[in-house]
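Keep the 3D view at hand as you read.

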Amino acid sequence: TNLALSASTSVAITMVFNLPHQVPAGRKVTYTNFVCTMRPTKAEPWRIRMTVGGDKLDAYFDVRSPAISLLDMKLHINSVISDAKNGARYCTGDLKDFFLQSTMKIYQYMRIHRRYLPQEIIDEYALTADYFDSKGNILVEIRKGMYGLKEAAILAYEQLRDHLAPYGYSPVAHTPGLWRHSTRRTTFTLAVDDFGIKYFTKADADHLFDAISSKYVMTKDWTGSSYLGFNLDWDY
């Protein structure tokens, strides 16, 4: 999996193994779910993900995340067509493990049954019988974003926004999901971890890609042939 497991404290850790009695007072503990999917447009199409039962957990702040609407996405693409004679071009990008990059503001808690833990994990982290309850579950404290958490999307969005701000990129007011650069003509739409980018020079596009790649792993498609389920055949 893409999860880092540890019994020690570190900002790079996704989950920490706790003893059964180490749940803070008043906090809920949820279940673990494994999801198998096929995503043909992704670099890794066959996927198995350990996810959090977020429906059983409380949200401690507004978890809504800005995302581009289909109408605004189409208007953005149309603006590329309108500006094609001026050199406008379109490309796309996809962030890898976007939700897994974020740091939790408030830790959440989950149980994993022993049958899902390989023996090498049990040995590596010295998970003695004391760590497991009478039903064979072990408690983990979630310290970084995971799939299934209600707050995963907004945390990832806010931390991407803070990361790109020093490079001159910021969301456009009153149009959720649309971003622009302060001095360059680059604009892009953001739908969770998918970028639809309008640019005028390769240097401008590379500036955005370099800014993103300084923290995230990104798949680039210079042809701009697919975005949010639409197949695009560009003839500038």
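**Pockets, sheet and chain**

The largest pocket has a volume of about 440 Å³. Here a pocket is an open set of points on a 1 Å grid over the protein atoms alone, where a 1.4 Å probe fits and protein lies on both sides within 12 Å along at least five of seven lines; lining residues have an atom within 4 Å of a point. Grid points are joined across faces, edges and corners, and the volume is the space filled by probe spheres set on the points. The lining comprises 21 residues, and those closest to the pocket centre are R39, K42, R47, Y147 and D193. Two or more lining residues come from each of β4 (32-38), β5 (46-52), β6 (89-96) and β13 (217-221); such strands are DSSP runs of E with at least two residues, helices are runs of H or I with at least four, and both are numbered from the N terminus. By class, this lining holds eight nonpolar, three polar and ten charged residues. In that count Ala, Val, Leu, Ile, Met, Phe, Trp, Tyr, Cys and Pro are nonpolar, Asp, Glu, Lys and Arg are charged, and the others, Gly among them, are polar.

A word on the source: this is a predicted model, in which local features need pLDDT of at least 70 and side-chain atom pairs count only at pLDDT 80 or more, while totals for chains, interfaces and linings use all residues. Residues are numbered from 1 along each chain as its sequence is written, and side-chain values use heavy atoms, with hydrogens and water left out.

Now turn to the second largest pocket, with a volume of about 330 Å³. It is lined by 15 residues, of which T41, D94, D194, S226 and Y227 are the closest to its centre. Elements that contribute two or more residues to this lining are β6, β12 (194-199), β13 and β14 (226-227). The largest share, three residues, is from β6.

Which strands make up the open sheet, and in what order? There are six, arranged β9-β10-β11-β12-β6-β13 with antiparallel pairing, where two strands pair if DSSP finds at least two bridges between them. At the edges sit β9 (169-171) and β13, each pairing on one side only. On average, neighbouring strands of the sheet are turned by 25° against each other, direction ignored; the axes are lines fitted to C-alpha atoms, for helices over the stretch in contact, and angles run from 0 to 180 degrees between N-to-C directions. Helix α4 (residues 202-213) packs on this sheet and touches β6, β9, β10, β11, β12 and β13, its direction making about 150° with that of β12. Contact means heavy atoms within 4.5 Å.

Let's follow the bridges across the sheet. Strands β10 (residues 178-181) and β11 (residues 187-191) run antiparallel and are joined by three bridges, with W179 having F188 as its partner in β11. Five bridges then pair β11 with β12 in the antiparallel sense, and T189 stands opposite G196 in β12. These two strands form a hairpin with two residues between them, and V192 in the turn has a positive phi of about 65°. On to β6, which is joined to β12 by six bridges, again antiparallel; the partner of G93 in β12 is F195.

How covered is β12? Six of its six residues are buried, that is, under 20% relative accessible area with a 1.4 Å probe and protein chains only, whereas exposed is over 50% and partly exposed lies in between. D194, G196 and K198 are buried on one side, and F195, I197 and Y199 on the other.

Away from this sheet, L117 lies in the loop between β7 (103-113) and α2 (119-124). L117 counts as buried because its relative accessibility is 10%. Beyond its neighbours within four places in sequence, L117 is in contact with I112, I122, L127, F132 and I138. N137, in strand β8 (residues 137-144), also counts as buried, at 16% relative accessibility. Not counting residues up to four places away in sequence, N137 touches R111, I112, H113, Y131 and F132.

Finally, step back to the protein chain, which has four helices and 15 strands. Its C-alpha trace spans about 70 × 35 × 30 Å along the principal axes. Of its 236 residues, 44% are buried.
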